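I opened this entry to keep track of what I looked up. The sequence and structure come first, then my notes.

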2 protein chains.
Amino acid sequence: MICRALIASLALAGCSPALADHDVATSPPAVPSADLPPLFAAEVEHARAFVDGMMAQGVVVPVPTDPGGGYTHEQHKRNYKAIYLGGQLYRVTGEQAYADYVRDILLAYAKLYPTLGDHPAKANQNPGRLFWQVLNDAVWLVHAVQGYGDIRDTLRGADRQLIDDQVFRRAAQFLSVDSRATFDRIHNHATWAAAGVGMTGYLLGDEDLVERALMGSDKSGKTGFLRQTELLFSPDGYYTEGPYYQRYALMPFMVFADAIAKNDPKRRIFQRRDGILLKALNTTIQLTYGGYFFPFNDALRDKSLNTDELYHGVAIAYAETGDPGLLDIARSQGRTILTDDGLKLSRDLAAGKAKPFPFRSLLLSDGPEGGQGAVAILRHGQGASQMALVAKNTSQGMGHGHFDKLSWQFYDKGHEIVSDYGAARFLNIVAKEGGRYLPENESWAKQTVAHNALVINGESHFGGDQKLADLHAPQQLYFDASADLQISTATIDSAYPEHGVTMTRTLALLDVAGLDAPVVIDVLNASGDSSLTYDLPLHYSGQIMETGFPISRYLTERPVLGDANGYQHIWVDGTATPTADNAFMTWILGGRFYTYRFVPQNDLKVILGESGANDPNFNLRREPMIIQRKTDGRDVSFVSLLEPHGLYDGAAEQTVGSRSQIASLRHETHDGYDIVIVETKSGAKTALALSYDSDPAKTHNAKIDGHDVRWTGFAARIALNGESN
Amino acid sequence: MICRALIASLALAGCSPALADHDVATSPPAVPSADLPPLFAAEVEHARAFVDGMMAQGVVVPVPTDPGGGYTHEQHKRNYKAIYLGGQLYRVTGEQAYADYVRDILLAYAKLYPTLGDHPAKANQNPGRLFWQVLNDAVWLVHAVQGYGDIRDTLRGADRQLIDDQVFRRAAQFLSVDSRATFDRIHNHATWAAAGVGMTGYLLGDEDLVERALMGSDKSGKTGFLRQTELLFSPDGYYTEGPYYQRYALMPFMVFADAIAKNDPKRRIFQRRDGILLKALNTTIQLTYGGYFFPFNDALRDKSLNTDELYHGVAIAYAETGDPGLLDIARSQGRTILTDDGLKLSRDLAAGKAKPFPFRSLLLSDGPEGGQGAVAILRHGQGASQMALVAKNTSQGMGHGHFDKLSWQFYDKGHEIVSDYGAARFLNIVAKEGGRYLPENESWAKQTVAHNALVINGESHFGGDQKLADLHAPQQLYFDASADLQISTATIDSAYPEHGVTMTRTLALLDVAGLDAPVVIDVLNASGDSSLTYDLPLHYSGQIMETGFPISRYLTERPVLGDANGYQHIWVDGTATPTADNAFMTWILGGRFYTYRFVPQNDLKVILGESGANDPNFNLRREPMIIQRKTDGRDVSFVSLLEPHGLYDGAAEQTVGSRSQIASLRHETHDGYDIVIVETKSGAKTALALSYDSDPAKTHNAKIDGHDVRWTGFAARIALNGESN
Ligand SMILES: [Zn+2]
Ligand SMILES: [Zn+2]
């Protein structure tokens, strides 16, 4: 049995051999503040600032009346934070005032709680007691039970009994019995409830509560926390709603698992399912660039690793694994938690044990069995200037999912170059629909045309029907992350069922002979059962430096591209019909140039546009895009290339390589193979050959520019005239 | 006589009592690299990287053929940098290879130079020899003579004679005699020429060259360097072209003055005209926010203190003054120069002597006598979150000036909130007109409507005529920087001579009782001789959160506002007719909210727009603006307020104060006084009273809201119901 006792947050029961209630008040083992490592000491000061402020206001436990954002709602949130941090401060500092304050708040709750029924502002089938929805009550309990655990041993028996019975047993009963509908879901809300109930069980020595939390209210194991760990993450630790919600979902998993590990070490919770919870934490971090989460699905773009959920997750995972990369993350966060895990992490960070977190190329399968698509992340280089290509081949991801099958993003030198809009929402800003999702989240942000994804006949994937979308997922055909060719291929044949469309997309980072950085290659083949219109948008960040093709511009009036499915939000800046030798466009962002180049299909038209039309309340950001439009097509191939090049340093007045180094981009097809040939201005030719044959040993050959070339497996990079050029 | 000999860059002659030529080779006093302070040691490595690279390519001194940006142009630029740094590296390291390389390049120039006539790519009346324009030849000489000075003592007599005569005497002759038209101007180009010629004179012991440099080619003192120090800067050290060009102009002044101080200390060059050169350096730094120059006039917005000119200026000024604030600037630059000044600065920085540079509120007069307007800078707070209001009441500033009389900018929390477009130019980017100023610099960036300045009848100030504009300047009426009211008032009656318009504008930072930050108050009175249309634009950065007034929006097609004087570049998003109780708009930028509020005059219309129309080559940035339009007016008053408020932290999911705390803004006039009354939602009333009477002792009174209020002097802040609210 493991027993970390330095700061035994929630290890009260865990340090004795059985689940037994304690009856003796003990003095907490306060750590002399001079011995605290800097990160932890700073965290103590953060907590003091908050709790001291709360103590100055006295105990304020109002009768619940207001919905989210209202006064009683916010006060009960402040209270759980005060209970949680107050308990921890008592543990760390030994200052009795903190213990007394936590006790006094909880005694006030002991008076209030028995008087409560459904919250008067309930808005759905799952009302809370203290809050308008049961989720908030669960979050309250998860925090309060931890703070209570830190001071419970110091209480007189009568106070302890009162708080045990009138607050925590009642709250656990409410969540696990009265709110069984939520409790027994396989859903993140149920994870919060299970965590609260289970941690209450550990603290009170109530095995029944613990069993219900772990195995579901009927203890069958069909629901409950353990089942949730099996169904809510893919085998690679990916959470189907996407990175933004993965961050949020992770919190109760990690906190409750930490409590299980300390109280019930024989359950080996962190080893379950091949270490799924630690994998999920690691995956959450991998789903970031420059500290910010990939913003796909409903995501606020300013959400980073600097968030409470990840302070917990990193500290708990580090205590389990000792992974020095997590210390690197903690250093960039500059925050931790006031538990023994946070102390261990802070000490090791101060001891210089951190190593760079290994952001790397990887494939993250989606779905409980890993069979519902994947996210492919291709990275090149290290540190802040790392390049990252993200191919989003996941399933829909439920109500917060976007209709963006086979979409992608690209990052370079610290910037998002090919972008994802994220959610249309200004969190907590009253003037913006009270901080809720905006109407434009449905009409723009979720629509296919708002993504770097193929749109057919101007309609979004699955006709914009989420229930239909949830039934289907892309299939990841291939993934490889070799040094000179990193590549992902996926396909889906269900996004446009009424047109019988199959779309297969390859995204690759290809080393091109003679260039200083890899280029992105994008090969998208689609075929339908009739003549269709195919739109392939690219949403980029930056200002246009030049276009190879002449543009018919709308200079003095600006029309709108369409009237539905997101098209009503696109201003048209101009249209063009590029030819093979001029089909490129260069923009600048963050001191680097990017040239997007494509192979013009017959009758290909290009539309340059910007988001922001039909936006009465200025809810949208205005961002540029280029759309390749192929009309009257049945079998189409969009072959495109994105080339980062050069340098612009305005401070030093230095500009180099502002023009593309590529002379041509060609696409050839041979017996179902796709061959993409990139020729640089210095004459070096590099090809990407795709057989789409997953047999790694099978040899393929094709004639390119008069040469017989040969490769094995699904895909290969071929230097057509030697590497020396 | 001062003789700093540690690294005696260009002090060769200055260390002996007379201007005498040296004939003995001496071993340089190399400093052991272990003794070099970190900043200087890093600079040595920077220089080594460049010069070693050049040495690896050998001596390449091509016959001049190309214009700016072409190969021979760039190669001669690389060469002067190699001569300059190579000499310094020899001084610092004692490594003979550097001296030999500098000698070999200069011997190649000694062969080339006598063969040269006018540059074949000359484009104007001032052709160079090595470069297409004489300015570049002067810059070449300023650098080369310094590098030569570092190695000259090591040369055999024959080599020295050859280089003296065939390179430096010829170059000095070319600049000061053959190019007399440039040399005798009162202009920055002449400063470069004077510096090159004068420093050559010091090195060769040629008093005639020194005299010509200091006193002009006829040695009368009517032109030349000393006269330039009197005419090119205002008494406050402001350079009339603006901060961007001030930075550039400063370089030859500081470098040559440093040489004068070391060779001719009795001239007391740094004490001349009340220390004008050191004042100019300090002023250059004061003309920044967050390290970036205020971008008014033709300015590239990405130009910061991190530039070669300021590395020189800061090191030279620090050696003169020992001002610890300059060490703070050097620390943020992370760069210095390889002279004894740079070494002293680096040592003192390493010794911890730096103190924060005192960015402060100040008034900088414009014009040689200080009588041609001014820049008023009002700052509040310290460090990165400092607030700064810049009122641009300067003269036109010659060909790079913009028609922006009485315009302003506002910075807060590290961001430019009320913005100046700067120049329309992408420096050195070939695809953008070869990197030159773009057509849109004339058609948009210079026009009045592109600024936060009053436009009358849709025409720019002075009808867009620079020669006319150069004849007139605003008059600064008042400036005060008290704690609770910082204020600037200026007037101009010459910007619209054909309409007889006088414009008087007051910009202030006013402490409002009950608010956590000052607000900006803007009072602009204008009167013409007939009925006119007045447009007052505000160019802001951020996304609209709400407008108090309903807007008639252009949702599905976007018209252009006008057809000339910049109006052709404005897309119209909507129009509105606000009333007194709803005339406000709130936007967000950088986690802070900003509410712009104004007093609607009769028939006031508001236009919401964005730059970017009629821009065929995507040369413009697309930035929002709001325009107050008053038609059929003769005497008009625009009274506006900008209120920073609240906080948005997306990472912490925290939003506070997203709505304005102000209930009303009113404007009253009494006997020529302007009274602006701000009332907060909590009922506190604060007034700004303007008498426009510059007698500081004179008392004024007015009735406001039934109360008699009384103040003395030009302007006053008055708390109408006590500070306690
Ligand atoms: Zn999306
Ligand atoms: Zn300007």
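Predicted model: local features only at pLDDT ≥ 70, side-chain atom pairs only at ≥ 80, totals over all residues.

**Domains 1 and 2 of chain A**

I found 32 residues of domain 1 of chain A in contact with 28 residues of domain 2 of chain A, where contact means heavy atoms within 4.5 Å. For the bounds, I noted that chain A is divided into domain 1 (35-220), domain 2 (232-359) and domain 3 (366-375 + 383-480 + 494-503 + 512-655); these bounds come from an automatic or database domain assignment. The centres of domain 1 and domain 2 of chain A, taken over C-alpha atoms, are 23 Å apart.

Next I looked up the area. Domain 1 and domain 2 of chain A bury about 2500 Å² between them, with 72% of it on carbon and sulfur atoms. Buried area here is the accessible area (1.4 Å probe) that two parts lose on being put together, summed over both. On the domain 1 side, A:Leu39, A:Phe40 and A:Tyr202 lose the most area to domain 2 of chain A, together 26% of what that side buries.

How many salt bridges does the rule find across the interface of domain 1 and domain 2 of chain A? I noted two, a salt bridge being a side-chain nitrogen of Lys or Arg within 4 Å of a carboxyl oxygen of Asp or Glu. I also noted that the side chains of A:Arg335 and A:Glu43 meet in a salt bridge at 2.8 Å, N to O.

Several helices of chain A each supply at least two residues of the domain 1 side that touches domain 2, among them α1 (38-57), α2 (71-93) and α7 (188-204). The largest share of that side, eight residues, comes from α7(A). Helices (H or I, at least four residues) and strands (E, at least two) are DSSP runs, numbered from the N terminus.

**One residue in chain A**

I then looked up A:Gln333, which lies in helix α13 (residues 324-333) of chain A. Is A:Gln333 buried or exposed? A:Gln333 counts as buried because its relative accessibility is 6%; buried means under 20% relative accessible area, exposed over 50%, partly exposed in between (1.4 Å probe, protein chains only). Not counting residues up to four places away in sequence, A:Gln333 touches A:Leu305, A:Asn306, A:Leu310, A:Tyr311 and A:Val314. I also noted A:Gly291, 42 residues from A:Gln333 in sequence and 9.0 Å from it in space, C-alpha to C-alpha.

**The zinc ions**

Which protein donors does the zinc ion (ligand 1) have? I found A:His402 (ND1) and A:His451 (NE2), lying 2.1 to 2.2 Å from the ion. Donors are N, O and S atoms within 2.8 Å of the metal (3.2 Å for Na, K and Ca); water is not among the atoms, so sites may look incomplete. A:His402 lies in the loop between β5 (387-394) and β6 (407-412) of chain A and A:His451 in the loop between α15 (439-445) and β8 (455-456), so the pair ties together parts 49 residues apart in sequence. A:His402 is buried, at a relative accessible area of 0%, and A:His451 is buried at 1%.

In chain B, the zinc ion (ligand 2) is coordinated by B:His402 (ND1) and B:His451 (NE2), at 2.1 to 2.2 Å. B:His402 counts as buried at 0% relative accessibility, and B:His451 at 1%.

**Chain B against chain A**

Last, I looked up the two chains together. I found 50 residues of chain B in contact with 50 residues of chain A. The chains bury about 4300 Å² between them, 51% of it on carbon and sulfur atoms. B:Gln543, B:Phe618 and B:Glu653 supply 15% of the area that chain B buries against chain A, more than any other three residues.

The count between the chains is eight salt bridges. B:Glu610 forms a salt bridge with A:Arg622, the closest N and O atoms being 3.2 Å apart. I also noted 33 residue pairs in polar contact between chain B and chain A, both residues at pLDDT 80 or more. The largest share of the chain B side, four residues, comes from β13(B).

**Conventions**

Residues are numbered from 1 along each chain as its sequence is written, and chains are lettered from A and ligands numbered from 1 in the order in which they are written. Local features need pLDDT of at least 70, side-chain atom pairs count only at pLDDT 80 or more, and totals for chains, interfaces and linings use all residues, while side-chain values use heavy atoms, with hydrogens and water left out.

Methods:
Polar contact = N/O pair within 3.5 Å; in protein donor to acceptor, adjacent residues only side chain to side chain.
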